[in-house]
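Reader: Can we go through this one together? I'd like to start with how you use your terms.

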Amino acid sequence: MTDTVRSNGHYASLSLVPKAAAPQTLRDFKSDQEVRWCPGCGDYAILAAVQSFLPELGLARENICFVSGIGCSSRFPYYLNTYGMHSIHGRAPAIATGLAASRPDLSVWVVTGDGDALSIGGNHLIHALRRNVNLKILLFNNRIYGLTKGQYSPTSEIGKITKSTPMGSLDAPFNPLSLALGAEASFVARTIDSDRKHLQSVLRAAAEHRGTALVEIYQNCNIFNDGAFDALKDAETRDRALIRLEHGQPMRFGADGAEGVFRDPVSGELTTAPITEQNQSDVLVHDAAAASPTTAFALTRLADNDTLDHTPIGVLRDVQRPVYDTLMADQLDAAVAQRGEGDLAALLTGTDTWTVG
């Protein structure tokens, strides 16, 4: 590498991760492990999309690391020929934060599920997002606990009948993208397991983002929650159900783009309506780089949680703000410049102590 190195070992430029010595292919990123998910699981499609996308990064495989928690999605690191870690339930963002902050020469990815990330791991997820650590978080959302055989999850709809809610769930579900924006996430996106072209376009945008990128992937669990996202996939319903967001483009959807997204002049909320000659100039233009997350948050509230009508997919927000890893490195440099190299032994045997009991 030609990047200069800081006194604390951090590279000075933003192009930190070493490039591969030669072009790579999908085969280079397939591990020798047998892929073992239930036949028909949406995880297969996501894995294939990621394996075929990774060569585009042009990064050395030993400088890519996937960290997962616990759940069906968290088997991911086994199937990628990169470094990886199957970590602790819900704690993947915390472990990945330590890795990314201490090893800026790595491209660090987190793979998690709606149960893993939003239940026991909710605290770790929101703090990774607010800190803006240089991580890419792929959140597989199938609205169910699959690994433990079909209990309701933090994203299951109200009234969901499962083994743990035989009379229907009483819990209001999380909206992962609303949660992320509320935690000040600098990159928020949504895509679908079965749409490889769209999925890979979102992955590219996430990879290029400097900071924490959260990508929610709607993923079908054909054993315990089959068909949860059929409205977004069926040819007869998807045009009306999906709002495909493109930065700088009007937010149109439906057959031939006949419907649009508007802002109500009274309430300020987003609404949808057929486009006419009278209102066509009022169709909102998507701005993923808007400094305020207000419109992005409003977009996350458009979809009907039961029918999935008016579900936005694509990059909702992509803004730049200070990255935790860089800020930490700057502090370390300043400390060394002011006080010299630290002495751990002196710290442990020093006078800053207290007595218990």
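Author: Buried means under 20% relative accessible area, exposed over 50%, and partly exposed in between, with a 1.4 Å probe and protein chains only. This is a predicted model, where local features need pLDDT of at least 70 and side-chain atom pairs count only at pLDDT 80 or more, while totals for chains, interfaces and linings use all residues. Residues are numbered from 1 along each chain as its sequence is written, and side-chain values use heavy atoms, with hydrogens and water left out.

Reader: Fine. F76 and F140, buried or exposed?

Author: Both F76 and F140 are buried. For F76 the relative accessibility is 0%.

Reader: And how are the rings of F76 and F140 arranged?

Author: Their centres are 5.6 Å apart and their planes at 85°, so the pair is edge-to-face. Rings of Phe, Tyr and Trp (its six-membered ring) pair if their centres lie within 6.5 Å; planes under 30 degrees apart count as stacked, over 60 as edge-to-face and the rest as tilted.

Reader: Which parts does that pair tie together?

Author: F76 lies in the loop between β1 and β2 and F140 in strand β4, so parts 64 residues apart in sequence are tied together. Strands are DSSP runs of E, at least two residues, and helices are runs of H or I, at least four, numbered from the N terminus.

Reader: How many aromatic pairs by this rule?

Author: The count is eight. One of them is F66 with F76, which is tilted, at 6.3 Å centre to centre and 40° between the planes. W37, Y44, F53, F66, F76, Y79, W109 and F140 form one aromatic cluster.

Reader: Switching to E216. Where is it found?

Author: E216 is in strand β6, residues 213-218. E216 counts as buried because its relative accessible area is 1%.

Reader: What does its side chain make polar contacts with?

Author: The side chain of E216 joins that of N141 at 2.8 Å and that of R190 at 2.9 Å. A polar contact is a pair of N or O atoms within 3.5 Å; within protein, one must be able to donate a hydrogen and the other to accept it, and residues adjacent in sequence count only if both atoms are side-chain atoms.

Reader: Last topic, the largest nonpolar core. How many residues?

Author: It has 36, and L125, L129, L135, L214, V261, L270 and L299 have the most contacts inside it. Such a core is a set of buried Ala, Val, Leu, Ile, Met, Phe, Trp, Tyr and Cys residues joined through side-chain atoms within 4.5 Å. Apart from this core lies another, of 33 residues, among them L57, F76, A189 and V215.
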